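Subject: Structure handover

Hello,

Here is the structure you were waiting for. My notes on it follow below.

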Amino acid sequence: MFDHFHRLPVFFFLLSLSFSQSIHENEESDTPIHRFQQYLRINTAHPNPNYTAAINYLTNFANSIPNLHSKIIHLTPTSPLLLLTWPGSNPSLPSILFNSHLDSVPAEPHKWTHPPFSAHKTSDGRIFARGAQDDKCIGMQYLEAIKAIQMSDSKFVPLRNVHILYVPEEEVGGFDGMGKFVESKEFGELNLGFVMDEGQASPNDEFRVFYADRTPWHTVIKAVGMPGHGSKLYDNSAMENLMKSMEVITKFRESMFDMVKAGVAANSEVISVNPVFLNAGTPSPTGFVMNMQPSEAEAGFDIRMPPTADPELMRKIIEEQWAPAWRNMTYKITEKGFLRDIMGRPLMTLASDSNPWWSVFNEAVTRAGGKLSKPEILASTTDARFMRRLGIPTFGFSPMKNTPILLHDHNENLKDTVYLEGIKVYECIIKSLSSFEGSMNTNAMGF
Ligand SMILES: *[C@@H]1O[C@H](CO)[C@@H](O)[C@H](O)[C@H]1NC(C)=O
Ligand SMILES: *[C@@H]1O[C@H](CO)[C@@H](O)[C@H](O)[C@H]1NC(C)=O
């Protein structure tokens, strides 16, 4: 009796709870935020990104938007790309491309407040997920913007073809993703005139835009010398020769960092040099032999070069000052990217009104109620470099303002209101860029 008497109201309570929950979920499943959360819940983190699941999800959503054609491109057995196309009324004009990558860096779940693939939304609207900022936000915003344009202006037809591209493997260098794609027949057929790729969050009230990436050079210098007893003072040991180089390199690093500290250059505008490993010593069962000076010593550096740096000059500095042969030193530079495009020009996109694409983009952001901060060089690397390499103007842009920069961090998250504002911004950008008549044929622009 006792039990039954008490169970009845509980039963009704549960019934009404599940009822209201399912209504709640039905309502929510049709919102941009819910779709963003769904995309974030697909685990595309390395080392085992589930590209198939992500591509299926995106294709399904794209199929619900009229006039959007989808094509899955297989350039390697394991890393497919997804290309969506919104055809323009004049497909012979160079097209525009909006790019994002499917993959993300790994996450250490125990260091997160909410599981990294839960896309949990807190009461203040922050959505926690690996990829929330880098860069699943823009991948979904592109599609939401096209959907919104079609809803609000059913007569609108882009003049140029608009392509939305989802590439794999960006976080591991892009070589099996965008790197392969730019060499494919399918890429050539796109006839690209202008590309937008990922950018970064802005902690203040202005959106950030990037016109270049820095290029990494992985450099190892190595010294050799006579080995000797640990008690002996003599000249030109391997360690001594390496330490002399370390001093020279430290001074170089300081001179660059001083410019940043003095405010005359941004972090990404100087050549950064950071030691990443030291390797010397004669191993023993308990560590290292302590009474012996080794005959070899090496050090590795992560060097990042802005496109304004002169690669030949840098090579000369390394050869003559960091690893001079007369100090019995050798060096190896592994260039992890290009500094010049195929025409030999510095690898950057003009961010001024002499580039008509810039003006159209800038005006569109303004029309959306936003403001761009001073165009920047990105401190790290993105797939944009593959397009810039071919001379295709490319800007990095992720519309997240008043947002802490959390890419690759624990607790990566993005606020719902910031995400929704980004869709509005892309509505303006996609409309303007896809309607742009000029470029290519300057007469059409009235010059
Ligand atoms: C990828 O995701 C799909 C759909 O969610 C799932 O069926 C499949 O097992 C996943 N693949 C791997 C390798 O986890
Ligand atoms: C370089 O090596 C040669 C041959 O071992 C040696 O004679 C010379 O002193 C070394 N010079 C320096 C600067 O280490």
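**What was found**

Among contacts in the protein between residues at least 6 apart in sequence, 77% join residues at least 24 apart. Please keep in mind that this is a predicted model.

Overall make-up. The protein has 447 residues, of which 39% count as buried. Its secondary structure comes to 11 helices and 19 strands. The C-alpha trace spans about 90 × 85 × 45 Å along its principal axes.

Domains. The domain assignment gives domain 1 (1-30), domain 2 (35-209 + 351-445) and domain 3 (216-335). The centres of domain 2 and domain 3, taken over C-alpha atoms, are separated by 39 Å. As for the contact between them, five residues of domain 2 meet seven residues of domain 3. On the domain 2 side, those residues are three nonpolar, one polar and one charged.

Ligand 2. Around ligand 2 are G225, N236, N241, R327 and N328. Sorted by class, this shell holds four polar residues, one charged residue and no nonpolar ones.

Backbone geometry. Most residues other than glycine have a negative phi, and most peptide bonds are trans.

- H46 and P47 are joined by a cis peptide bond, with omega about 10 degrees. P47 sits in the loop between α2 (32-40) and α3 (51-63).
- The peptide bond from D134 to D135 is also cis, and its omega is near -15 degrees. D135 belongs to the loop between β5 (126-128) and α4 (136-152).
- N402 is not a glycine, yet its phi is positive, near 50 degrees. N402 lies in the loop between β18 (394-396) and β19 (413-415).
- H408 likewise has a positive phi, about 70 degrees, without being a glycine. The loop between β18 and β19 is where H408 is placed.

N402 has 14 C-beta neighbours inside 10 Å, so N402 counts as partly exposed. H408 has 15 inside 10 Å and therefore also counts as partly exposed.

Regards

Definitions and conventions. Residues are numbered from 1 along each chain as its sequence is written. Chains are lettered from A and ligands numbered from 1 in the order in which they are written. This is a predicted model: local features need pLDDT of at least 70, side-chain atom pairs count only at pLDDT 80 or more; totals for chains, interfaces and linings use all residues. A residue is near a molecule or strand if its C-beta atom, placed from the backbone, lies within 6 Å of it. Ala, Val, Leu, Ile, Met, Phe, Trp, Tyr, Cys and Pro count as nonpolar, Asp, Glu, Lys and Arg as charged, and the others, Gly among them, as polar. Helices (H or I, at least four residues) and strands (E, at least two) are DSSP runs, numbered from the N terminus. A residue is buried if 20 or more other C-beta atoms lie within 10 Å of its own, exposed if 12 or fewer, and partly exposed in between; C-beta atoms are placed from the backbone. Two residues are in contact if their C-beta atoms, placed from the backbone, lie within 7 Å. Domain bounds come from an automatic or database domain assignment.
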